[in-house]
Amino acid sequence: MLDQGKQFGPRIGRLCLTRPSDTPSNHIINIRTPNFLIGTSRGVIPHFSRDHVHSANGISWINVPFESFLEQSPPIPTYQPGSQPLHTFLGFDTSKHIVSLSLRDPLDAREMPANGNAHVSASCMRGVRKVTPADWRSYVLTMQPDIAFALCDTPFTAAPHSQKRLVKSIERSAAWLADLLRPVENTTDDSPAPTLNVFVHMAGGTSTSARRAFSQSLMESLHGLEANAVKPLLCLDEGVAGYAFDLAAFHNSESLAQTSTPDAAGTPTSLSSSIIEPLSSLSLSPTLDELLRASLDPLPIAKPRLVTDVRSPHEILRLIRDIGVDVFDAGWAVKAADIGIALDFIFPVPSGHDSGPDYRKREIGHNLYDAKYAHDFVSLTNAFLAGHDTTSSSEAPVCPCIACSPVAPTSPIHHSRIDVQSHQADTDDDTSREQFLPPFTRAYLHHLLHTHEMSAHTLLVAHNVAILDALLTGVRTILSGYDDQNEAAAVFSREVTRFEEVYDGAMSVFHTARDNWKEVKYARGKGRLAREAQKDKDVRSVHSTEVEVQ
């Protein structure tokens with residue numbers, strides 16, 4: 001539901017999911033947008049336990065790539081009974097979490113064996129599996145996710161692609177979407193047929209005309225056998241709940257601004273290909289904005305737009321400002337935690353937060369592998385307060401993560417009936433109030449990272465997700481704070497410009513952190529002695545060179 005916004009530009013809205021329940025009234029989950037989803041590996045959010053997921057208030061939408069379960073046939077999750085088998089199997093809260101199902105991990109842009117007319121190549125622990133549209137439809141109907149992503153023929157080879165390949169990608173993607181949208185027949189007379197909320201990956205690669213052609217194919221009226229297959233839908237878009245854009249394929253290829261287009265390779269013969277302009281007449285350097293606009297221009301304005309594999313908060317803010325994207329994935333924030341970065345930025349940027357102490361742009365986070373944090377006994381972020389440090393006069397926002405605002409248990413943890421009896425006398429005192437403990441410090445996280453403790457990454461993921469949630473909360477606050485839509489867009493644009501002026505868009509801290517992470521990772525394990533010997537040899541060589549120069 002779109003509360004405010006235009007076809008292109010900043011907008012706010014709500015994702016409203018109505019899920020049938022055992023109670024007389026259906027259960028409804030509302031997610032305010034712009035917002036984010038978080039991906040999983042084998043159904044688990046990286047570094048998180050189920051308790052961590054339930055305690056993270058910012059996590060509302062979880063995506064499960066099903067390819068990681070394909071090593072067994074049939075896949076193990078399909079054995080789970082019940083009305084919400086996907087939630088039950090993975091332990092997610094049906095009253096809080098929207099769980100979507102995609103075949104492939106949208107962040108995985110590795111080159112794969114080519115898809116066929118009747119299958120998609122998916123990667124699992126035992127290699128590559130071929131998944132047919134019938135297989136995928138069966139998995140979706142069995143697992144009953146809240147949202148299902150239709151299969152898409154995405155070429156993960158370097159752009160540009162030939163016109164023949166783009167035509168094939170469009171035709172396959174549309175056909176596979178139509179297969180998933182076929183009406184579901186009732187297996188029993190008592191239960192209603194399940195309804196699918198289907199998101200479609202927008203095909204077309206790095207060609208603006210190909211993207212426009214795919215969008216127009218979604219809006220075209222169906223006739224004959226095609227219309228009967230998806231009846232009562234009049235066009236494919238009527239069965240689509242939202243649109244997804246995977247940027248991994250773009251990031252995996254050369255820069256869009258350097259993309260060249262080959263000459264047209266023959267005259268297309270299919271119906272959908274006739275809409276595509278000859279490649280020789282296309283722009284030689286389509287930008288990301290141009291590609292997204294080409295896909296969205298023919299489509300309805302009110303449906304949600306999802307973009308995966310964003311790489312920075314700057315990119316998120318620009319896509320909201322220029323395109324009107326509603327949902328982003330949190331993969332980059334999780335990857336930052338993998339290499340020891342604690343994010344530290346705020347939007348909108350408050351006054352007095354203009355630049356770093358040396359008048360350079362602020363880093364968007366702290367590389368906690370760096371030795372300078374070994375004796376830094378403060379919380380992970382400068383932009384937010386820790387829960388333990390707040391006072392009645394505090395104006396700065398609080399970071400609610402388990403690293404900055406750990407909470408003492410409000411009740412004892414019972415392991416047996418004897419524990420319950422021994423703590424019954426304590427239930428009437430003030431211990432039931434939520435109390436914040438002192439925050440975990442940068443020095444402590446630095447120690448955990450260098451000793452390869454798994455809890456370091458758990459704390460960092462929780463913190464980074466909370467910072468990302470605060471960023472999008474700030475966006476929604478600005479856009480909803482003005483009655484005039486144009487005024488809200490202007491204020492938001494100024495705040496985005498200010499954010500870009502204050503924080504380093506090159507994200508140099510990521511490059512340094514990745515190097516430090518590699519040093520710590522390879523400091524032990526197989527080949528450690530040889531690496532240390534080579535490192536000592538290199539140090540002695542440099543030292544001897546300096547002596548000779550002197």
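This is a predicted model: local features need pLDDT of at least 70, side-chain atom pairs count only at pLDDT 80 or more; totals for chains, interfaces and linings use all residues.
Two residues are in contact when heavy atoms of one lie within 4.5 Å of the other. In helix α10, the residues W332, A333, V334, A336, A337 and D338 meet H457, L460, V461, N464 and L468 of helix α13. Helix α10 spans residues 331-338 and helix α13 spans residues 454-479; the two pack at an angle of about 145°, and their axes are 8 Å apart. Their crossing is right-handed.

The setting of this helix pair is a protein with 16 helices and 17 strands. Of its 550 residues, 48% are buried. Among contacts between residues at least 6 apart in sequence, 71% join residues that are at least 24 apart.

Because six of its eight residues are buried, α10 is largely enclosed by the rest of the structure. The buried residues are G331, W332, A333, V334, A336 and A337. Their cover includes strand β4 (35-39), helix α9 (313-322), strand β13 (327-329) and strand β14, together with helices α13 and α15 (508-521). Just after α10, G340 adopts a positive phi of about 80°.

Helix α13 also packs against helix α14, at an angle of about 145° and with the axes 9 Å apart. On the side of α13 the contact is made by V475, I478 and L479, and on the side of α14 by A488, V491, F492 and E495. The residues of this contact divide into six nonpolar, no polar and one charged.

The structure holds 13 aromatic pairs. One of them joins F347 and F499 in an edge-to-face arrangement, 6.0 Å from centre to centre and with 70° between the planes. This pair links distant parts of the chain, for F347 lies in the loop between β14 (341-343) and β15 (365-367), while F499 belongs to helix α14 (residues 485-502), 152 residues apart. Burial is assigned to residues under 20% relative accessible area. F347 therefore counts as buried at 3% relative accessibility, and F499 likewise counts as buried at 0%. F499 also pairs with Y503: the ring centres are 4.7 Å apart and the planes stand at 40°, so this pair is tilted. Both F499 and Y503 are buried.

Ring pairs connect W332, F345, F347, F492, F499 and Y503 into a cluster.

Apart from its neighbours within four places in sequence, D376 is in contact with T441, R442 and A443.

Definitions and conventions: Residues are numbered from 1 along each chain as its sequence is written. Side-chain values use heavy atoms; hydrogens and water are left out. Axes are lines fitted to C-alpha atoms, for helices over the stretch in contact, and angles run from 0 to 180 degrees between N-to-C directions. Helices (H or I, at least four residues) and strands (E, at least two) are DSSP runs, numbered from the N terminus. A crossing is left-handed if the near helix is turned anticlockwise from the far one by less than a right angle, and right-handed if clockwise. Rings of Phe, Tyr and Trp (its six-membered ring) pair if their centres lie within 6.5 Å; planes under 30 degrees apart count as stacked, over 60 as edge-to-face and the rest as tilted. Buried means under 20% relative accessible area, exposed over 50%, partly exposed in between (1.4 Å probe, protein chains only). Ala, Val, Leu, Ile, Met, Phe, Trp, Tyr, Cys and Pro count as nonpolar, Asp, Glu, Lys and Arg as charged, and the others, Gly among them, as polar.
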